[in-house]
Amino acid sequence: MARRTLHDRYYKQAKAEGYVARSAYKLLEINQKKRLIRKGDRVLDLGCAPGAWVQVALEIVGPGGSVVGLDLQRVRHGFGENAVTIEGDAEQIEASRLTGAGVAEPRLFDCVLSDMAPSTGGGAGGSGDHFLSVRLCEAVLGLTPGVLKPGGNVAMKVFEGEAYKGLLDRTAGMFEKVKGFKPSASRDASREIYIVAHGFRKS
Ligand SMILES: C[S@@+](CC[C@H](N)C(=O)[O-])C[C@H]1O[C@@H](n2cnc3c(N)ncnc32)[C@H](O)[C@@H]1O
């Protein structure tokens with residue numbers, strides 16, 4: 001099992017193409033199908049370590065855009081001058097630390113990503129993981145008014161379970177369009193799904 005997952009197609013492709021993790025292909029597919037991030041955008045990536053989504057987001061935004069990453073763990077990889085990574089907890093951090101990162105004047109983001117996952121159950125999506133991942137998504141929604149531009153977009157990972165529908169409904173109350181999406185790079189055994197929300201309605 002470990003051998004199969006460690007050496008699957010996306011793992012090999014990530015190594016060959018210079019991405020620090022196979023998760024790169026999830027964001028590439030989400031963005032291709034759902035058009036979340038555009039050239040020139042300022043992107044916030046919550047739970048960014050080891051940094052594959054930072055790499056992908058930087059490619060999409062190009063030299064006119066920027067990426068701020070946050071993780072509980074220190075990110076070792078360097079991404080160049082358009083990306084800043086911060087060590088911290090998304091459930092605790094002040095929005096102003098994120099909007100002020102890497103810029104002279106605080107700036108809201110065009111897009112907020114969260115690939116955050118609880119570290120307890122190996123990410124396979126048991127019910128403990130489910131409730132913890134819903135809590136992480138609540139932290140994303142809690143930060144949203146302080147970090148996201150009106151009209152901005154969000155994609156956040158959750159492990160499906162009984163609280164999923166309520167989370168989807170709460171997200172729908174804040175955005176114009178909300179849908180669940182499972183990229184093909186998500187492992188079959190995983191119950192992870194991404195809630196993709198377009199058009200933040202700032203109240
Ligand atoms: C699946 S990994 C993210 C992979 C990343 N998207 C990439 O492509 O490299 C999930 C990350 O979420 C982080 N995380 C979990 N809870 C967090 C929290 N409360 N605040 C910040 N990061 C958190 C973990 O430390 C872990 O690095």
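## Ligand shell

Helix α4 (52–61) and strand β2 (66–71) each contribute at least two residues to the shell around the ligand; helices (H or I, at least four residues) and strands (E, at least two) are DSSP runs, numbered from the N terminus. The model is predicted: local features need pLDDT of at least 70, side-chain atom pairs count only at pLDDT 80 or more, and totals for chains, interfaces and linings use all residues. Residue numbers start from 1 along each chain as its sequence is written.

The ligand is surrounded by 21 residues, and the closest are Ser23, Gly47, Ala52, Ala90 and Asp115 (near: C-beta atom, placed from the backbone, within 6 Å of the molecule). The shell comprises 13 nonpolar, four polar and four charged residues; Ala, Val, Leu, Ile, Met, Phe, Trp, Tyr, Cys and Pro count as nonpolar, Asp, Glu, Lys and Arg as charged, and the others, Gly among them, as polar.

## Burial of α4

Nine of the ten residues of α4 are buried (20 or more other C-beta atoms within 10 Å of the residue's own, C-beta atoms being placed from the backbone). They are Ala52, Trp53, Val54, Gln55, Val56, Ala57, Leu58, Ile60 and Val61. These buried residues pack against α2 (9–17), α3, β1 (42–46), β2, β3 (83–87) and β4 (109–114). Just after α4, Gly62 has a positive phi of about 70 degrees.

## Contact of α3 with α4

Ala24, Leu27, Leu28 and Asn31 of α3 meet Ala52, Trp53, Gln55, Val56 and Ile60 of α4 (contact: C-beta atoms, placed from the backbone, within 7 Å). The residues of this contact divide into seven nonpolar, two polar and no charged.

Methods:
Two residues are in contact if their C-beta atoms, placed from the backbone, lie within 7 Å. A residue is buried if 20 or more other C-beta atoms lie within 10 Å of its own, exposed if 12 or fewer, and partly exposed in between; C-beta atoms are placed from the backbone.
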